[in-house]
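Please have the sequence and the structure at hand while reading.

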Amino acid sequence: MSSNPNYRILVIDDNRAIHGDFRKILCPEQGDFDAAEAEFFERPASGGLQPEFVIDSAYQGAEGVALARQAVEDGRPYAMAFVDVRMPPGMDGLETAGQLWQVCPELQIVICTAYSDYSWQEMISRLGNRDRLLVLKKPFASVEALQLASALCEKWQLTRASRDRLAETEKIVEERTRELREACERLEKEMEQRQEAEAHLLRAQRLESIGTLASGIAHDLNNLLSPILMSVGLLPDSPPETSAELISTIETCAERAADLVRQVLTFARGIEGVRVPLEPKYLIHEVEKIITGTFPRQISLKSQIADDLWVIEGDATQLHQVLVNLAVNARDAMPEGGTLKIDAANMEVDENYAAMVPGLRLGRFVRIRIADTGTGIPPQVMAKIFDPFFTTKPLGKGTGLGLSTAIGIVKGHEGFIDVHSELGKGTIFEVFLPVSADNLPFDVPEPNEVQFDGRGQLILIVDDESAVRKVCETALKQRGYRTISASDGAEALSIYASEAARIDLVLTDVMMPAVDGVALCRVLRKMNPAVPIIAATGAAEETRKQELRALNVNALLAKPFGAGTLLAALEEVFAKKLASDRTVNQAAEQAVAA
């Protein structure tokens, strides 16, 4: 409550005698005996039993409203008002009360009436059922007026104190809300920065892993390129039977080199956040290819993968990185050579098994185990192996990000890693990945390439590399297709504009100068929405594939590809187009028959 009580009262009545009565009741004059008593007992003459009211008078409703408005403007509002119900010729008491509340909503009002002018229902129908309205019948007793004045002024004090407290509380809440909002904004920024830092960490770790594999990759590529170069030099002077053998060698080495490059690009590309159903055995096979192609020959690889592995859901690139990290660590633990074993199996984790592995939860998992016969991990080091930047490798041989990145990725997939090690005997890492909810396979192995013959269809080949165009032309012509070539997208559009009626399919590269493959496909779809299109894209062009799918490109080929893959794609596209044309023709015939 305010430290300065408000006992200001407004009396509105057209009868001046009434004003005198209120003053006698609420502001009695102090007599000689009262003064002597006050002096003797050292207290106010009133004995502290009655507040010191301040009374202002108005004789018509409009005059009272003007006084109330002026009091509010002066910062000295009235706490309550006694209002007569009849005040001819001006406003009556009810209308006056309504206007007073417009000026001062907290004002406590007592309607004084000597007649049955209005019933209570009539009053509340005009003013509303307000808790600031009371009725006092004339003639009234002095004690009634005094009690009403004291109680209603006190009520005004409490109402004002409550309002002030509420305003203060709202201010505090608003301030706290603002602080929380700012804290949330800071937290969001910190989370964004953390996500960016994690992305940089993953990429840095991938690059580190690529660096550790670089020498092995270079060695393996040189081994693959050497027989290719030697075979090409021997071909012109070789008899037919020898030429066939040399060509077979060239093809085998080229396929191995392309596969190795594809694996490195897939690992280094670093596309995160794409969670799809995956079959783990294909991930493991990819890692096996890197191990056999880059690890020292004195390390033998053994694998045991269950044929019925359940489907998991995750980011193929990230999980690929986890397995490569663990394999690289196993390699480094066997500097003199040894055995690296990879096995994978389905596993139902029950309460007993979960109790033995901290953090492991119940459910169905695919367990991938990577074991080596290396030096093992000392017990005092075991508790730190997953800490960022912790490494036991010599300076310059590692940043200590491999295992911390691996466990972060696995936990992000709601999985777990368990490790067992014995000095001098080796280490076993077990990766538990939860099974996908629908358990449906997504990634399937590519079918064996089969040779298909064309039937004279005209293929528009678009590629900025002349060697690629020539090889594609040769391969297609040998299989019964006709070809026409363009060196870029602009030339292709010019050719298609004049030869659209003859062209049966467009085979285009994606990455080209000026008008690239995506822009070409977009324009071709506007020129002829039904033209079949096959796009050839490199492994590093993943972001363009979504645009091509949105343009309803009929097939996507990953470079490099063999002639068999190209011919199989052509056969599949033409077969689907033929089936679609038959369906349309049958529907047209049925419509005509109907």
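Glu 547 is partly exposed, with a relative accessible area of 31%, in what is a predicted model. The side chain of Glu 547 meets that of Arg 522 in a salt bridge, with an N to O distance of 4.0 Å. Because Arg 522 lies in helix α15 (residues 517–527) and Glu 547 in helix α16 (residues 542–550), the pair ties together parts that are 25 residues apart in sequence. Arg 522 itself counts as partly exposed, at 36% relative accessibility.

Side chains of opposite charge can pair when their charged atoms come close. How many salt bridges does a search of the whole structure find? The search finds 20, and the table sets out some of them.

| Salt bridge | N to O distance |
|---|---|
| Arg 163 and Asp 164 | 3.4 Å |
| Glu 499 and Arg 502 | 2.5 Å |
| Arg 522 and Glu 547 | 4.0 Å |

In the pair formed by Glu 499 and Arg 502, Glu 499 counts as partly exposed at 24% relative accessibility, and Arg 502 is likewise partly exposed, at 42%.

Technical notes. Residues numbered from 1 in each chain as written. Predicted model: local features only at pLDDT ≥ 70, side-chain atom pairs only at ≥ 80, totals over all residues. Heavy atoms only, no water. Buried < 20%, exposed > 50% of the residue type's maximum accessible area, 1.4 Å probe, protein only. Helix = DSSP H or I, 4+ residues; strand = E, 2+ residues; numbered from the N terminus.
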